[in-house]
Amino acid sequence: MTENEKRSATDLTNGFDTPLHVGQLNLPSVDAFEVAFKGIFARQFFTNHGPLEQELDAALASYFGVRHAVSVVNGTVALMIALQTLDLRGEVIVPAFTFPATVQAIAWAGLTPVFCDVDPHTQTITAPLAAAAITANTVAILGVHVWGRAADPDGLELLARERGLKLVFDAAHAVGCTSRGRLIGGFGDVEAFSFHATKILNGFEGGCITTNDDGLAARIRVARSFHADDDAGASILRLNAKISEAQAAMALLSLDHLDQWTEDNRHRYERYRRELQGIPGLYFIDYCAGERSNYQSVVLRICEEELGMPRDHLLRILESKNILARKYFSPGVHNIPPFCDLSTKELPVTDELCRTLIQLPTGQMVSDRHIAIVCATIRAAVSA
Ligand code: T4K
């Protein structure tokens with residue numbers, strides 16, 4: 001039992017001595033990492049397309065079932081390069097209900113984000129919503145598989161084909177998730193993943209770009225490296241986006257544990273659901289029946305009237321007990337600089353989600369006992 005757990009054994013609502021974070025933090029054993037790290041030291045090959053980067057690219061392509069997976073330094077850069085190598089000029093339709101990095105990547109690729117509202121049930125953009133946002137300047141649609149739930153890939157693929165648009169997916173949340181039984185990674189022209197430490201596939205930092213387009217993959221591989229070995233792709237703008245050997249080692253170890261960590265995440269998610277059952281005004285974000293998910297996020301929508309308190313009041317109570325739940329994503333990207341200047345459209349569903357969602361702590365550091373304490377604290381808060 002940890003100190004936190006011993007102390008809390010007396011009273012479930014006393015909270016924690018040290019903060020309980022939202023971060024996912026799934027980790028392989030230190031011993032396994034030490035072995036991998038010793039290999040890197042022995043080879044004296046730390047970056048610039050070393051053997052672990054190559055092994056990771058092959059392992060990811062095989063895992064996602066795609067022709068190409070190109071690992072890079074983080075998920076934001078994965079999106080930037082994916083967009084940049086599509087060689088576009090104009091507007092990209094994107095949800096404002098996402099992490100700011102999605103939209104930052106569009107701007108860094110020299111494109112103009114145009115915000116689109118999301119569906120209240122899936123919390124992602126859908127083909128009809130995106131269609132309504134298309135203008136003469138639209139060149140691409142960027143869907144975000146929020147919480148690992150697919151952003152209407154079938155509908156958006158059809159729309160993009162009909163209207164001659166490129167289709168990109170931000171799959172930062174979606175390692176190991178499916179849409180109609182097909183693993184996310186092979187949809188649209190290109191998808192981008194994050195291996196940030198708070199994601200289920202932890203590379204400390206890291207990310208990858210997946211595509212079935214051979215020409216695009218070749219351009220992406222050129223773009224991720226600052227120097228040219230030959231004249232291939234001389235016209236492509238390059239960037240130092242390489243994943244280091246240390247990150248690749250961590251990501252490879254994480255890949256080995258993905259099934260177990262998914263199962264552990266599912267256990268925690270279901271436990272939260274059971275322990276919070278029956279509290280009016282708390283609605284869990286469901287994972288789709290019949291689809292695979294990584295259960296990476298435990299997200300609740302708060303109905304203020306039914307719960308008897310605003311979402312932010314509940315968050316403050318939790319924080320006072322060292323339970324650092326988060327209001328992902330709030331404020332919406334359309335309300336933060338520099339993107340607030342772009343936004344002219346009303347986004348009522350996005351605004352409502354930003355006002356009402358909270359994310360609870362999960363991941364390897366969160367035990368059943370922790371969940372019992374978080375849930376007892378919520379029950380005590382709402383019944384006070
Ligand atoms: N697209 C989407 C849809 C995304 O959600 C993200 C990233 C991206 C693109 C971009 O991918 P990357 O470029 O990051 O690969 C966190 C993560 O840093 C970020 O990766 C993630 N999404 C986002 C949803 O969450 P913050 O600003 O909330 O991070 P931070 O530092 O506040 O950490 C969150 C919690 O985790 C805290 O309670 C502390 C805890 N934590 C964090 C780290 C890094 C730890 O306990 N240990 C740690 O090492 O963004």
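**Strands and helices around S4**

Strand S4 (residues 138-144), helix H7 (residues 153-163) and strand S5 (residues 166-170) form a right-handed β-α-β unit; right-handed here means that, with the strands pointing away from the viewer, the path from the first strand over the helix to the second runs clockwise. Helices (H or I, at least four residues) and strands (E, at least two) are DSSP runs, numbered from the N terminus. The model is a predicted one, in which local features need pLDDT of at least 70 and side-chain atom pairs count only at pLDDT 80 or more, while totals for chains, interfaces and linings use all residues. Residues are numbered from 1 along each chain as its sequence is written, and side-chain values use heavy atoms, with hydrogens and water left out.

Seven of its seven residues are buried (under 20% relative accessible area, with a 1.4 Å probe and protein chains only). S4 runs parallel to strand S2 (residues 91-95), with three bridges between them, and also parallel to S5, with five bridges; strands count as paired if DSSP finds at least two bridges between them. Ala140 of S4 stands opposite Val92 and opposite Lys166 in S5.

From S5, the pairing continues to strand S8 (residues 190-194), which is parallel to S5 and joined to it by three bridges. Here Phe169 stands opposite Glu191 in S8. On its other pairing, S8 runs antiparallel to strand S9 (residues 207-211) through four bridges, and Ala192 has Ile209 in S9 as its bridge partner. In a regular strand the side chains alternate between the two faces of the sheet. In S8, Val190, Ala192 and Ser194 point one way, Glu191 and Phe193 point the other way, and all are buried.

Next come two packed helices. Helix H4 (residues 75-84) and helix H5 (residues 100-108) pack at an angle of about 40 degrees, with their axes 8 Å apart. H4 is therefore oblique to H5, a class for angles that are not under 35 degrees (roughly parallel), over 145 (roughly antiparallel) or 65 to 115 (roughly perpendicular). Buried residues of H5 are Ala101, Thr102, Val103, Ala105 and Ile106, and their cover includes H4, S2, strand S3 (112-116), S4 and S5. After H5 comes Gly110, with a positive phi near 80 degrees.

Methods
Buried means under 20% relative accessible area, exposed over 50%, partly exposed in between (1.4 Å probe, protein chains only). Axes are lines fitted to C-alpha atoms, for helices over the stretch in contact, and angles run from 0 to 180 degrees between N-to-C directions. Contact means heavy atoms within 4.5 Å.
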